[in-house]
Amino acid sequence: MEKNIYFQKRYKIENRELKNIANSFVHSYYGQFLYTNKINKGDFLLSASLPYELTDGDKKLLRYDRYDNIVEINYEIENNYVQFSGLNRDHVETIIEQEKNKKILKSEKLLFEISQNKFFQIPEAHGFYRPIIEIIQKIHDSGSMRIIDARSTSKLIKYGNFLNELKIIKIDRNDGHVDFNIGEQYKLIEKNPGNPIENIFNYVLKTGYEYLYGTLGIHSLSPYIKISNSLYYNIFQLKKNIKISKRELNQYYNSLYNKKMEDYKFNVYLDTLSNANILKTNKDIITGDDTITSELINNA
C-alpha cells in the first residue's frame with residue numbers, strides 16, 4: 001500500500017489513561033461514531049456504530065449499523081508521548097462502505113431466498129428464470145441435453161455454465177456440440193422428498209444468487225430486488241416490521257443504493273411488488289409482508 005494512505009498522530013500522555021487518549025484520538029480523527037473497546041499491547045481495533053434516522057408510522061426511530069473490528073490501529077509509547085498509526089480516515093470510510101455493501105447483499109440474498117416464488121410472479125422474471133427451468137426440466141426428462149449450435153443458443157450455454165459451477169449439470173464438449181449431463185449435486189438433491197425439479201430450482205436460486213446477480217446479471221429483477229430490500233434491510237436491522245410512506249421508501253432506496261428514481265416510476269415498481277405480495281400497500285403506506293418479515297427476522 002502507498003504511504004499516503006497511512007497517518008501518524010502524536011499525543012502527550014501526562015496523567016491520562018491510555019484508553020481515554022485512544023478514544024479521544026479516534027473521535028477527533030475518525031468521527032464520534034467510531035470507537036475502541038479494548039486496548040491490546042501495541043494495537044487496538046476500531047469499530048463503528050453509525051446512526052440512521054427512519055420513520056415507523058408516526059414515530060421516529062434510529063437504526064444503528066454496527067461494524068465490529070474493521071481496522072487495526074497501532075501505537076507506540078515513548079518519553080511520555082503516545083503515537084498512533086494506521087489507515088487514514090478516507091480508507092477507513094471506504095472499508096466501512098464495503099462492509100455496508102456486504103450487509104446489503106446479505107439482506108438481498110436472504111430476501112430473495114425467502115421470497116423467490118413471489119419474485120417468480122413478476123412478469124420480467126420469466127426471461128431470467130426460463131433458461132434455468134428449461135435446462136433442469138430437460139435433464140430431468142431425458143437425462144441429458146444436447147446443444148448443436150452453441151453460438152445460436154449462447155444464453156443456454158451461459159446458464160449451463162452457471163449450473164455446471166453448482167454441479168447441477170456436467171458439461172461435455174464433443175465434435176462441435178455441447179452436452180449437458182446430470183451432475184453430482186443434482187443426484188444428491190434428487191434423493192430428497194418432494195418435486196425434484198422444484199427442489200433443484202430452489203437450490204439453484206438459493207446457492208447461486210451472487211453468481212446470478214454478479215456474473216449473469218439479473219437486470220430485469222434488479223430494481224424489484226433493490227426496492228423491496230430498501231424496506232426489508234431496515235426490517236432486517238431493526239428486527240421489526242415498519243410502516244413508511246412511498247416517498248420515504250424512495251429516499252431509503254436512494255440512501256442505500258445511491259440511486260435516484262422519479263416517484264411516478266418508483267410507484268409502478270411498488271404496485272408490481274404489492275401484486276406479487278412482496279410488499280404490502282395501504283394507500284400511501286408501505287409495510288413488509290408478515291411471512292417474509294417473520295422469516296427475515298428469524299434469520300437475522
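Start with strands β2 and β3 of this predicted model: β3 covers residues 43-56, runs antiparallel to β2, and is joined to β2 by two bridges. If you want a spot to look at, find Y35, which stands opposite S47 in β3. Helix α1, residues 18-29, packs on the sheet that these strands belong to, touching β1, β2, β3, β4 (59-78) and β5 (81-87). The direction of α1 makes about 135° with that of β1.

Now step back to the whole sheet. It is open, has five strands, and reads β1-β5-β4-β3-β2 with antiparallel pairing. At the edges you find β1 (6-12) and β2 (34-35); each has a single partner strand, so one side of each is left without a neighbour in the sheet. Helix α2 also goes over part of this sheet, lying across β2, β3, β4 and β5 and running at about 135° to β4. Between β1 and α1 there's a loop, and E14 lies in it. Have a look at the backbone there: phi of E14 is near 50°, a positive value in a residue other than glycine.

While you're in this part of the model, pick out F84. Leaving aside residues up to four places away in sequence, F84 touches F7, Q8, K9, Y11, I21, A22, F25, F44, I73, N74 and Y75. F84 also shows up in the account of the largest nonpolar core, which has 88 residues. The members of that core that touch the most other members are Y30, I70, F84, F119, I132 and F180.

On one pairing, β8 meets strand β6 (residues 144-147) in the antiparallel sense over four bridges. S144 has N181 as its bridge partner in β8. On another pairing, strand β7 (residues 169-174) runs antiparallel to β8, and six bridges join the two. Here N174 finds its bridge partner in H177. The hairpin of β7 and β8 has two residues between the strands, and one to check is D175, which takes a positive phi near 50°.

Three bridges hold the antiparallel pairing of β9 with strand β11, residues 285-288. Look for S245 there, standing opposite I285 in β11.

With α2 (residues 89-114), the axes come within 9 Å and cross at roughly 105°. Angles of 65 to 115 degrees count as roughly perpendicular, and α2 and α9 are therefore roughly perpendicular to each other. On the α2 side, the contact is made by K103, I104, K106, S107, E108, L110, L111 and F112. On the α9 side, I225, K226, S228, N229, Y232, Y233, F236 and Q237 take part. By class, the contact of α2 with α9 divides into eight nonpolar, four polar and four charged residues.

The other meeting is with α10. Helix α9 (residues 222-238) and helix α10 (residues 246-257) have axes that come within 9 Å and cross at roughly 90°. That makes α9 roughly perpendicular to α10. From α9, the residues K226, I227, N229, S230, L231, Y233 and N234 meet L249, Y252, Y253, L256 and Y257 in α10. This contact of α9 with α10 has eight nonpolar, three polar and one charged residues.

To finish, move on into the loop between α9 and β9, where you'll find K239. Phi of K239 is near 60°, a positive value in a residue other than glycine. Is K239 buried, partly exposed or exposed? At 48% relative accessibility, K239 counts as partly exposed, because exposed means over 50% and buried means under 20%.

Terms used:
Residues numbered from 1 in each chain as written. Predicted model: local features only at pLDDT ≥ 70, side-chain atom pairs only at ≥ 80, totals over all residues. Heavy atoms only, no water. Axes fitted to C-alpha atoms, helices over the stretch in contact; angles between N-to-C directions. Parallel < 35°, antiparallel > 145°, perpendicular 65-115°, else oblique. Contact = heavy atoms within 4.5 Å. Nonpolar A, V, L, I, M, F, W, Y, C, P; charged D, E, K, R; others polar. Core = buried A, V, L, I, M, F, W, Y, C linked by side-chain atoms within 4.5 Å. Buried < 20%, exposed > 50% of the residue type's maximum accessible area, 1.4 Å probe, protein only. Pairing = 2+ DSSP bridges.
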